[in-house]
Amino acid sequence: MPGLAFPPGTDLLQVLWVPSDQVVSGSDAVQLRWRRSSEVRDLLLAPPEPAYVPAAYCVPVPCVLHPEPVREFPSRHHLDEDLAARLTAWDKQRAKAPYWHDLSVAPGWKAGGWPAHFTFRGPPEPDSDELRCGECGSPVDALLTMTGSEWDASTTSWIPVECGDEAEKPVGLPYRNPRDPTQVEIGRGCTLQMYHCVGTPSHPPRFVMQ
């Protein structure tokens with residue numbers, strides 16, 4: 001995965017989760033397995049399916065990943081007050097707020113990068129327990145962002161070229177909806193941010209939903 005910081009001696013990350021609402025709470029329903037790809041011997045062509053799925057909207061439909069590095073800039077709560085005020089003034093002089101929608105924080109599913117904008121709640125305080133490992137108290141870093149769609153009406157500049165209106169449609173329509181290839185639903189249109197422990201990446205991750 002381009003840009004993902006792997007712990008020393010690893011180059012593969014498996015995110016295992018129980019498809020239930022417990023995923024949002026950041027409990028043991030989610031486990032991170034940092035591995036070395038050269039040690040993976042037998043590949044499962046048909047991954048095992050759970051006998052019971054409490055929340056079908058937490059089960060991604062089969063889809064192919066096409067990782068693409070992009071450059072994004074931090075959201076408002078990661079900027080100092082002076083710079084945030086200057087960017088807000090710059091945005092007001094232009095249509096559609098280009099910084100917040102077109103430059104700051106790429107929407108959709110992603111690995112690493114800047115955490116998502118906070119819209120339904122305020123961001124955690126820098127020293128709050130919410131942004132510290134629940135096992136050892138070490139700082140945590142953004143690992144994965146999961147959301148219900150890859151873009152919305154205000155972030156259309158992030159639409160991949162191959163998904164644009166003028167792009168040639170793929171044969172067979174591999175995805176029901178290119179804007180939502182995974183069909184995963186996070187709350188009621190929310191974004192789920194997963195953070196991993198910087199000191200011991202194998203510790204249970206922390207979650208922030210907004």
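Which residue lies over the face of Trp100? Select Trp100 and look at its ring: Arg76 lies over the face, at 4.2 Å from the ring centre. Keep in mind throughout that this is a predicted model.

Ring pairs link Phe73, Tyr99 and Trp100 into a cluster. The structure holds three aromatic pairs.

Now go to the first stop among these pairs: select Phe6 and Trp34. Their ring centres are 5.9 Å apart and their planes stand at 90°, so the pair is edge-to-face. To see where the two residues sit, colour the chain by secondary structure. Phe6 is in the segment before strand E1 (12-17), while Trp34 belongs to strand E2 (residues 30-35), so this pair ties together parts that are 28 residues apart in sequence. Phe6 is partly exposed, at 26% relative accessibility, whereas Trp34 is buried, with a relative accessible area of 14%.

Phe73 lies in the loop between E2 and helix H2 (81-92), and Tyr99 lies in helix H3 (residues 98-103), so the pair ties together parts that are 26 residues apart in sequence. With the surface still on, check each partner. Phe73 has a relative accessible area of 38% and is partly exposed. Tyr99, at 7% relative accessibility, counts as buried.

Trp100 is linked with Phe73 and Tyr99 by ring pairs, and Arg76 lies over the face of Trp100.

Conventions:
Residues numbered from 1 in each chain as written. Predicted model: local features only at pLDDT ≥ 70, side-chain atom pairs only at ≥ 80, totals over all residues. Heavy atoms only, no water. Phe/Tyr/Trp six-rings, centres within 6.5 Å; stacked < 30°, edge-to-face > 60°. Helix = DSSP H or I, 4+ residues; strand = E, 2+ residues; numbered from the N terminus. Buried < 20%, exposed > 50% of the residue type's maximum accessible area, 1.4 Å probe, protein only. Lys NZ or Arg CZ within 6 Å of the ring centre and 35° of its normal.
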